[in-house]
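Here's a quick briefing to read alongside the model. Have the sequence and the 3D view open as you go.

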Amino acid sequence: MDRKFLVLNLGWLLAAPLLAGEEARLARDGAFWVQTVTGAENLSSSGRLKVSTRGAVTVRGGPEGRVQYTVTKRVKARSESQARLLLRQFQVNAVRQGDMLLLAVAHGGEGWRAAELHVTAPRGTPLVMLETHGGKVDASDLNGSVQVQSGGGGIKLDRIAGPVTARTAGGEITLGSMGGPVQCATAGGPIRAETIRGDATLETAGGDITAGEVGGGLRATTAGGGIRVTRAGGAVSVNTAGGAIEIGSARGMVVAESSSGAIQVGAPGGVQCETGGGGIRLLNASGTLRATTAVGNVIAELLAGGSPEDSMLATGLGDIIIFVPSNLGIRILARTDSGDSKRIVSEFPDVKTKVSGPVAVAEGAINGGGPLFRLSSSGGVIYIRRQK
């Protein structure tokens, strides 16, 4: 959490009066004592909302004009009198700065104390900012922009129409239906997204990244975990330090890198991918293809009626298989270091193989020729097949 932000919060607590609210009587819950505070504040249609707390926070979109809140305070104490002393350490304050309402919940000391905050904000609030020192954040049904900053805890967002920025020092990020661009980052935990209408940037220091549909471009990075995307409406750039990558389809260029893991891409807009160990499979491939693996097979199924460009497929140890449609013209230049002509198998008679010392080379035109496809395998077989 930003130190400047914490200092500002302390200023609010000292300068602002306690929010008007109704305190419930104490209730015993095992070794804990629970007390609830409720209240409300007016907020204009152009007003912004900022919430600061040290625990979990839940925000739901609701009717226009008012912000309603419920704070559930929980302490562990031996007696009611001790519990009341601890509960007094909780502070609930509101400050107005121009068109912004600042709602802060904080408490002194550490130990077995917690405050859960539930807020109902006007659904049309242009900007909602949520900051917690540590705790889960859950927000949904908001039409404006949402910004989340957590010192540690999971983040769950759903049915947010505006742009979203979400960062946590550790925890899972779960996104439902997002109507605009999204930027998310966690210092450790998976990221899961169902639908993002705009561009998306998803980053985690460790964990899987899974996305259903991304309407725009996508950039996804994980220090350890797999990356799986069903569909992207623009260019895609994904990178993992260890894990498999799977891109169902993308309308733009796909750049995929894995230090160790298989890669599968459906990319009619072109692809550039590299893995330190694992197979590569390209489906409905068109445009420029660059695929390299140190160990593993490379399979490319070219798109019938596509627009191929000069391409290169290479593996250090593995086979290469390229499927060429009957209506697609390309040229082939294939090479193996085995010095064995049987290491290059072509179903097209115009692709001829020659052996020169330790190197076997096959070249020729397919379906009248076209862009050049370079195929290279140091320890496997190269297959050039007709697509059926």
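Among contacts in the chain between residues at least 6 apart in sequence, what percentage join residues at least 24 apart? It's 38%, where contact means heavy atoms within 4.5 Å. Bear in mind that this is a predicted model, in which local features need pLDDT of at least 70 and side-chain atom pairs count only at pLDDT 80 or more, while totals for chains, interfaces and linings use all residues. Residues are numbered from 1 along each chain as its sequence is written, and side-chain values use heavy atoms, with hydrogens and water left out.

**The chain overall**

- The chain has two helices and 37 strands; these are DSSP runs numbered from the N terminus, with helices being H or I of at least four residues and strands being E of at least two.
- Its radius of gyration is 29 Å, well over the 21 Å that the globule rule gives for 388 residues, so the chain is more spread out than a compact globule. That radius is taken over C-alpha atoms, and the rule is 2.2 Å times the number of residues to the power 0.38.
- Along the principal axes, the C-alpha atoms fill a box of roughly 90 × 45 × 35 Å.

**Surface and charge**

- Of the 388 residues, 47% count as buried (buried is under 20% relative accessible area, exposed is over 50%, and partly exposed is in between, with a 1.4 Å probe and protein chains only).

**Buried spots to look up**

- S286 sits in the loop between β27 (280–285) and β28 (289–293), and S286 is buried at 6% relative accessible area.
- The S286 side chain reaches the backbone nitrogen of S307 at 2.8 Å, a polar contact (a pair of N or O atoms within 3.5 Å; within protein, one must be able to donate a hydrogen and the other to accept it, and residues adjacent in sequence count only if both atoms are side-chain atoms).
- Not counting residues up to four places away in sequence, S286 also touches others, including A267, P268, L303 and P308.
- T315 belongs to strand β30 (residues 311–315) and is buried, with a relative accessible area of 4%.
- Among the residues T315 touches, beyond four places away in sequence, are T293, V298, I320 and S377.
- I322, in strand β31 (residues 320–324), is buried at 0% relative accessibility.
- Leaving aside neighbours within four places in sequence, I322 is in contact with residues including L302, I330, F373 and Y383.

- D141, in strand β11 (residues 137–142), has a positive phi of about 60 degrees although it is not a glycine. D141 counts as partly exposed, at 23% relative accessibility.
- R159, in strand β13 (residues 155–160), has a positive phi near 55 degrees. R159 is partly exposed, with a relative accessible area of 43%.
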